[in-house]
Amino acid sequence: MQPQTAVVCRQVLKSIGAGENAVRVLRGVDLEVPYGEMTFLVGPSGCGKTTLLSVIAGLLNASGGHLEVLG
């Protein structure tokens, strides 16, 4: 039996600003985090780690894609 997933991200997008001044911060992020597993999010400064966590936590709205947290 395959474990259930706690977090599912499919092609998650996040832009900040509007029009020509919009900055694409997340560009189609795919992520699955199974229940009970520890997951680390690493990368260089400015790559979108905090933005992704803020979208997953519901502090920011995604600009596009599909996000599911705890079903």
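User: What should I know before I start?

Analyst: Residues are numbered from 1 along each chain as its sequence is written, and side-chain values use heavy atoms, leaving out hydrogens and water. As the model is predicted, local features need pLDDT of at least 70 and side-chain atom pairs count only at pLDDT 80 or more, while totals for chains, interfaces and linings use all residues.

User: In what order do the strands form the sheet?

Analyst: Strands of a sheet pair through backbone hydrogen bonds, either parallel or antiparallel. Here 3 strands make an open sheet in the order 2-1-3, with antiparallel pairing (strands are DSSP runs of E, at least two residues, numbered from the N terminus; two of them pair if DSSP finds at least two bridges between them). Strand 2 (23-34) and strand 3 (64-69) are the edge strands, each pairing on one side only. Strand 1 (residues 5-16) is joined to strand 3 by 5 bridges, and leucine 13 stands opposite glycine 64 in strand 3.

User: Which strands does helix 1 touch?

Analyst: Helix 1 (residues 49-57) packs on the sheet, touching strand 1, strand 2 and strand 3 (contact means heavy atoms within 4.5 Å; a helix is a DSSP run of H or I, at least four residues).

User: Which side chains meet in a salt bridge?

Analyst: The rule asks for a side-chain nitrogen of Lys or Arg within 4 Å of a carboxyl oxygen of Asp or Glu. The count is 1 salt bridge: arginine 10 and glutamate 32, at 2.2 Å, N to O. Arginine 10 lies in strand 1 and glutamate 32 in strand 2, so the pair ties together parts 22 residues apart in sequence.

Technical notes. Axes fitted to C-alpha atoms, helices over the stretch in contact; angles between N-to-C directions.
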